[in-house]
Amino acid sequence: MSEKNGLPTGKHTLVEEGTEFKGTMSSSCPIVVMGKVEGDVAGPVIHVTPSGVVSGVVKVKQLRSDGELAGEVEADTVEISGRVRDRTVIRARSLEVSLSVQKGGMQVVFGECELAVGDEPNKEAAIAAALTPPAAAAAAEAAKPPAAAKPGNSNPDDAAKRRRTPGTEPPPSPT
């Protein structure tokens, strides 16, 4: 998708300002919302412009919203610089929030909402890790190769354990 002025060029689905769409929308090309969409939306990319409003269940790969969002959003990548209404749920692998100029100041407005960013936790891996006996966990830790010491990052306890060449003992600390 090539973009010109933030909007896609070429083939795209456009909901023009002044248009209200209610229902289910599915597109195989980028969706640009300048008006209002209420319902289920699916597609590869959706861009909600500053005048746009999307309310409902949105399932896309990439969402960019400079306008208003409400409902439930599932996307790999979410970029928000507009308004998020109360009781909105956003699930994404990555989330970028940018400030926008509104009413003489820079702001992003979040209502009461739920954000879930990153991969979903793996329940089976968490259970397996919790059920691993402490002895097995210690053995696995001991089997790991030691980390290389980095200058300046040495542990004082490790320094005390190092063998010193005679005559290089540090002076006793005053107590």
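User: Okay, so a contact means heavy atoms within 4.5 Å. With that in mind, which residues does Glu 68 touch, leaving out residues up to four places away in sequence?

Analyst: Before that, keep in mind that this is a predicted model. In it, Glu 68 touches Val 48, Gly 52, Val 53, Val 54, Arg 83 and Arg 85, once residues up to four places away in sequence are set aside.

User: Let's zoom out. How many helices and strands does the chain have?

Analyst: The protein chain has three helices and 14 strands. Of its 175 residues, 28% count as buried. The chain exposes about 11,900 Å², and carbon and sulfur atoms supply 53% of that area.

User: What share of the contacts join residues at least 24 apart?

Analyst: That share is 17%, taken among contacts between residues at least 6 apart in sequence.

User: Back to strand 8. Which strands pair with strand 8, and in what sense?

Analyst: Strand 7 pairs with strand 8 in the parallel sense over 11 bridges. Strand 9, residues 83–84, also pairs with strand 8 in the parallel sense, over two bridges. Then there is strand 10, which runs parallel to strand 8 and is joined to it by eight bridges.

User: How many residues are in the largest nonpolar core?

Analyst: That core has 20 residues, and the ones with the most contacts inside it are Val 37, Val 41, Ile 46, Val 54, Val 58, Leu 63 and Val 78. Strand 5 (31–33), strand 6 (36–48), strand 7 (53–65), strand 8 and strand 10 (88–97) each supply at least two residues of this core.

User: Which strand gives the largest share of this core?

Analyst: Strand 8 does, with five residues.

User: You mentioned Leu 63. What does Leu 63 touch?

Analyst: Leaving out residues up to four places away in sequence, Leu 63 touches Ile 46, Val 58, Leu 69, Val 73, Ala 75, Thr 77, Val 78 and Glu 79.

User: What about Ser 65, where does Ser 65 lie?

Analyst: Ser 65 lies in strand 7. Its relative accessibility is 1%, so Ser 65 counts as buried. The Ser 65 side chain reaches the backbone nitrogen of Gly 67 at 3.5 Å. Beyond four places in sequence, Ser 65 touches Val 48, Glu 79, Ile 80, Ser 81 and Gly 82.

User: Is Ala 92 buried or exposed?

Analyst: Ala 92 counts as buried, because its relative accessibility is 6%. Ala 92 is in strand 10. The C-alpha atoms of Ala 92 and Thr 77 are 5.9 Å apart, and these residues are 15 apart along the chain.

User: New topic: where is Thr 19 found?

Analyst: Thr 19 is in the loop between strand 3 (13–15) and strand 4 (20–26). Thr 19 is partly exposed because its relative accessible area is 36%. Apart from residues up to four places away in sequence, Thr 19 touches Gly 35 and Lys 36. Met 34 is 15 residues from Thr 19 in sequence and 8.1 Å away in space, C-alpha to C-alpha.

User: Last thing. Where is confidence lowest and where is confidence highest?

Analyst: The mean pLDDT of the protein chain is 77, with 61% of residues reaching 70 or more. Confidence is lowest in helix 3 (residues 156–161), at a mean of 48, and highest in strand 6, at 96. Over residues 156–165 the pLDDT is below 50, and this stretch has four contacts in the model beyond near neighbours in sequence. Residues 149–154 also stay under 50, and the model gives them one contact beyond four places in sequence.

User: What should I do with parts like that?

Analyst: Where pLDDT is low, the predicted coordinates should not be read in detail.

Technical notes
Residues numbered from 1 in each chain as written. Predicted model: local features only at pLDDT ≥ 70, side-chain atom pairs only at ≥ 80, totals over all residues. Heavy atoms only, no water. Helix = DSSP H or I, 4+ residues; strand = E, 2+ residues; numbered from the N terminus. Buried < 20%, exposed > 50% of the residue type's maximum accessible area, 1.4 Å probe, protein only. Areas by Shrake-Rupley, 256 points an atom, 1.4 Å probe, with all protein chains shown as cover. Core = buried A, V, L, I, M, F, W, Y, C linked by side-chain atoms within 4.5 Å. Polar contact = N/O pair within 3.5 Å; in protein donor to acceptor, adjacent residues only side chain to side chain. Pairing = 2+ DSSP bridges. pLDDT = per-residue confidence, 0-100.
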